[in-house]
Amino acid sequence: MTEMIALSRERGGGAVRRRRRRTMMRWGGKLLQGIITLLLVSLLIFFATQAMPGDVAKVILGVNATPERLATLRKELGLDAPLLQQYLTWLGGILRGDWGVSLTNGAPVADTLSLRLRNSLTLGALALVIMLPISLVIGVVAAQRKDRVFDKLFMGGSMVVNAVPEFVLGTVLIALFGTTVFRIFPPVSLIPPADMPWWHPLALVLPVTTLVIGGVAYLSRLVRVSFIDVMNSEFIQTAQLKGLSTRRILYRHALPNALAPIVPAASLVAAFLIGGTVVVEYLFSYPGIGLSLVEAVGNRDLPLIQAVVLIIASAYFVFNFIADLLSDAGTGRRKE
């Protein structure tokens, strides 16, 4: 009997090790796939920016520059080299931490973007921190009142909000709270470069609110669906038949299981925030990397454009990779 128990444990341990090994191989494959994707994205970014109309040397020296000065500057910048060689030189610099030099002000791109990246991270983090608890509360309340007035109003309102672009939503907030109606908050978020964003809380209200509204409308619907599925499951019905209190069923049984698919969804929402942040920063003149991208495109500052787009693509990949890991971990726990 003892030998059978030991053999059973050994087989169980072997199954766990094999499952972990398959999980690690799957995660390693996704990581490798992501790295290859980022390399392809970097290739696309570089050649797309090179295909932009205009001459970088003329942008720097002006239209009245002599051909000799233009040729000298192109040689200094390496613009006379073959495109593939330029790409390899640029990519090698990126891997070494050298993001190049801005063509607009002559400063290193890394220094130019460091403060802007801090501002963007602050904006996105504030929106995410506010968005998650609000989405959880609204989604749970709507699920508890399924097909009632609150639920119907919530579903209709969330569909409308999801259909409205961030640019339109932000414009409406500016019109209501920043200009002609209430004039409570500044319509533009002008933050001095040396200041921390949270030193100017009023300037953050409208940009953060724009991101939060769209995120809550999406994420709270996921919370509602997940919570309804859990409440209709057999183990919740069994807990109800045992006479457990509604509060205990809600907080001890329903919520932990309902949160399992929501956590990776929150990572995806963080990834979608990246694209929304670019629009919101431009709309409110918020000094982040989104506004830097718009300004760089207008000035044809190729190193700055390439750096910002690569940062956005990398962040999008990281959040999607985290969402995949969390989703796999949650699936594995439910199977166990």
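Q: Which residues does D151 touch, not counting residues up to four places away in sequence?
A: D151 is in contact with A142, R145, K146 and R224 when residues up to four places away in sequence are not counted. Please note that this is a predicted model.

Q: And where does D151 lie?
A: D151 is located in helix α6, which covers residues 149-163.

Q: Is D151 buried or exposed?
A: D151 has a relative accessibility of 2%. The limit for a buried residue is under 20% relative accessible area, so D151 counts as buried.

Q: Which residue forms a salt bridge with D151?
A: The partner is R224, and the closest N and O atoms of the two are 2.6 Å apart. The pair connects distant parts of the chain, with D151 in helix α6 and R224 in helix α8, 73 residues apart.

Q: What about R224, buried or exposed?
A: R224 has a relative accessible area of 10% and is therefore buried.

Q: How many salt bridges does the count come to?
A: The count comes to two salt bridges. One of them joins the side chains of E295 and R116, with an N to O distance of 3.8 Å. That pair also links distant parts of the chain: E295 belongs to helix α12 (residues 289-299) and R116 to helix α5 (residues 109-144), 179 residues apart.

Q: How accessible is E295?
A: E295 has 37% relative accessibility and counts as partly exposed.

Q: Back to α6 and α8. At what angle do their axes cross?
A: The axes of α6 and α8 cross at roughly 135 degrees and come within 9 Å. The two helices are therefore oblique to each other. As for handedness, the α6 and α8 crossing is left-handed.

Q: Which residues meet there, between α6 and α8?
A: On the α6 side they are D151, F154, M155, S158, M159, V161 and N162, and on the α8 side I213, G214, A217, Y218, S220, R221 and R224. The contact of α6 with α8 comprises seven nonpolar, four polar and three charged residues.

Q: What is the angle between α7 and α8?
A: Helix α7 (residues 166-177) packs on helix α8 (residues 201-231) at an angle of about 130 degrees, and their axes are 10 Å apart. α7 and α8 are therefore oblique to each other.

Q: Is the α7 and α8 crossing right-handed or left-handed?
A: α7 passes α8 in a right-handed crossing. From α7, the residues in contact are E166, L169, G170, L173, I174 and F177; from α8, they are L206, T209, T210, I213 and G214. By class, this contact holds six nonpolar, four polar and one charged residues.

Q: How do α5 and α6 cross?
A: The α5 and α6 axes come within 8 Å and cross at roughly 130 degrees. These helices are therefore oblique to each other, and their crossing is left-handed. I138, V141 and A142 of α5 meet F150, D151 and F154 of α6. That contact divides into five nonpolar residues, no polar ones and one charged residue.

Q: Changing topic: where is Y316, and what does it touch?
A: Y316 is placed in helix α13 (residues 302-335). Not counting residues up to four places away in sequence, Y316 touches A271, F272 and I274.

Q: How far apart are Y316 and F272?
A: Y316 and F272 are 44 residues apart in sequence, and their C-alpha atoms are 7.7 Å apart in space.

Q: Finally, the whole chain. How many helices and strands does it have?
A: The chain has 13 helices and zero strands.

Q: What share of the residues counts as buried?
A: The chain has 336 residues, of which 35% count as buried.

Q: And what share of the contacts joins residues at least 24 apart?
A: Of the contacts between residues at least 6 apart in sequence, 74% join residues at least 24 apart.

Terms used. Residues numbered from 1 in each chain as written. Predicted model: local features only at pLDDT ≥ 70, side-chain atom pairs only at ≥ 80, totals over all residues. Heavy atoms only, no water. Axes fitted to C-alpha atoms, helices over the stretch in contact; angles between N-to-C directions. Helix = DSSP H or I, 4+ residues; strand = E, 2+ residues; numbered from the N terminus. Parallel < 35°, antiparallel > 145°, perpendicular 65-115°, else oblique. Left-handed = near helix turned anticlockwise from the far one by under 90°. Contact = heavy atoms within 4.5 Å. Nonpolar A, V, L, I, M, F, W, Y, C, P; charged D, E, K, R; others polar. Salt bridge = Lys/Arg side-chain N within 4 Å of Asp/Glu carboxyl O. Buried < 20%, exposed > 50% of the residue type's maximum accessible area, 1.4 Å probe, protein only.
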